[in-house]
Amino acid sequence: MVPRKTAEQERRPEMSPSDHTATPETGGKVVPLRRPRQRRRPPAKPVANPAAKPAPASCPPEEEPLGIELFQTLDRLWLSQRGLMTGGMSRASAALALFDWGLHLATAPGKQMELGVKALRKAGRMVAHLMASAAGPGAAPAIQPLPGDRRFEHPGWQHPPFSWMAQGFLLQQQWWHNVTHEVPGVSRHHEAQVSFAARQVLDMFSPSNNPFTNPEVIQRTWATGGLNLLQGWRNWADDAARQMAGRPPAGAEAFRPGHEVAVTPGKVVWRNHLIELIQYAPTTETVRPEPVLIVPAWIMKYYILDLSPENSLIRWLVGQGHTVFAISWRNPDEGDRDLTLEDYRKLGVMDALRAIGTILPDRRVHAAGYCLGGTLLSIAAAAMAHSGDQRLASVTLLAAQADFSEPGELALFIDPSQMRLLEAMMWKRGYLSAGQMAGAFQMLRSNDLIWSRLVREYMLGQRAPMNDLMAWNADSTRMPFRMHVEYLRRLYLDNELATGRFMVEGLPAVLQNIRQPIFAVATERDHVAPWRSVYKIQHLTDTEVTFVLTSGGHNAGIVSEPGHPGRRYRVGTRQALDRLPVASEWLAAHEPVEGSWWPAWGRWLAARSGAPVAPPPMGAPDRGLAPLCDAPGTYVLQR
């Protein structure tokens, strides 16, 4: 039982721990401090306020938030189970988009009449093509496939009846594009969602995906006596068994980190819970005094930049006389669920800079970030600029966004409803699974990554030869729950970094504070970081920016070694006070240059580096940074 207070104790004021002290005079005992006695003042007389409303006779007690966490847990459990059934797609988000589009289309008679007129025109074009092709071979097509659509390249598609199927499908695809676009009143996000869904359904029922309507499959089946279908079934069975067992795809075992890929010599010189820092061994007699730090995205293994020796960007940089350090991220599991975006900044970029400063004291660093690593580097550079930290000599951003107002088709999977479902699934497991991320990226390019593969490997029975880039792409990683939620909400949904509202240690990380020169690279066919979005770094900074637009996609455009055939790039430098053209003006004003963009970056780094010096030692054993193991380290091997 709790003893009741006496009347004297009731009148005595409560004391906090700071009201007590222990002194030598008290023998070490904690005694209450004496407060000065204050003169008691008579209570002030209340002043009547005729405008004031009389207080209510009684106020309802404030409701206690009992069981709130339990209710939220039930919601998360329910949502996570639904997410497993829908493949991580929010049915509420899809329903809202469909309702928005359907209701506005139903109440837009002008749009309906426009679609009717276009349907009649396309029907007329189809009839004209049918009549022309029936009269003789060589009839002009009614419609051409979109650029990059290679489904109907086989010569068999040029002859009836297969040409009729292809032309009918392409005209229908164009009409559905008109149906799902420019409907008055529909939000842009819902329009993009409905258009994406319609495109996925159309791609599924393309005549190229049916073995009975694909002339290439029919010809091969006739030529092999059906053995191609038997081999296709074996390929499917092998893929299914590998997926259920969690094994990499066929052929990926020939590209092992540290053996066939990620073989540039080096040492792990620093390790914490989140990163291993690799220092690469010099191959030249002298090196530039400023080292290069590579910050890869934690959504991928770092060796995208150290694939085979002939296309390794890291090996190429070392060969150009640079001391190169690279971060290798840990592959998080359920125990890392509470890692935050701030942890990635501190334990990643800042700890790496601190270790480099120990190995190479008083040296400024050329920092380069790829994809999400570039976004993280932008945050770190802005925070360092705010605090006056001058350790960076330059900033290079490779296919990295800082403004997420136009993030491309990836935004289809990011809205409040989708985020709620995604957060519930990650909350249950503690991370976002690699398979779910891979599925989202595959849907963005379903023709190339899903349906063409189905036709080639399961109908034609032909395995695509595995290469280092494909094997790396299958070696995916996970994303911690808390960090990924912060990343999507604060950057994608709220766009805090571009608007100057992203807080680091209580202070805003403002990109305009960066004064180091920036080298920004974008790729023409990037579906993750569209080049016009990457271009906006020039809107957000008040420093010299060299912008490069290279051919290729998000990965192949960056892994673009010198000598690779068919490569080209555009490059232009803008000073802080120069006029900033819009993206289309910049594109028209800069002619493409044949070749790889790597040498252009090498010249840019050299112009901002000091005179060559002797190579540094590997690590700093005398200062507590002795090499721990050989590159590529241990974190890259985590599955």
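**Salt bridges and a helix contact in the predicted model**

Glu496 is buried, its relative accessible area being 12% (buried means under 20%, exposed over 50% and partly exposed in between, with a 1.4 Å probe and protein chains only). The side chain of Glu496 meets that of Arg490 in a salt bridge at 3.1 Å, N to O, and Arg490 is partly exposed at 22%; a salt bridge is taken as a side-chain nitrogen of Lys or Arg within 4 Å of a carboxyl oxygen of Asp or Glu. Salt bridges with shared partners link Asp238, Asp239, Arg242, Glu253, Arg453, Arg456, Glu457 and Arg463 into one network. The model is predicted, with local features requiring pLDDT of at least 70 and side-chain atom pairs counted only at pLDDT 80 or more, whereas totals for chains, interfaces and linings use all residues. Residues are numbered from 1 along each chain as its sequence is written, and side-chain values use heavy atoms, with hydrogens and water left out.

The structure holds 31 salt bridges. One of them joins Glu457 to Arg463, with the closest N and O atoms 2.8 Å apart; Glu457 is buried at 5% relative accessibility, while Arg463 is partly exposed at 31%.

Glu457 also takes part in a helix contact (heavy atoms within 4.5 Å), in which Arg453, Glu457, Tyr458 and Met459 of helix 14 meet residues of helix 8, including Trp233, Trp236 and Asp239.

Methods: Helices (H or I, at least four residues) and strands (E, at least two) are DSSP runs, numbered from the N terminus.
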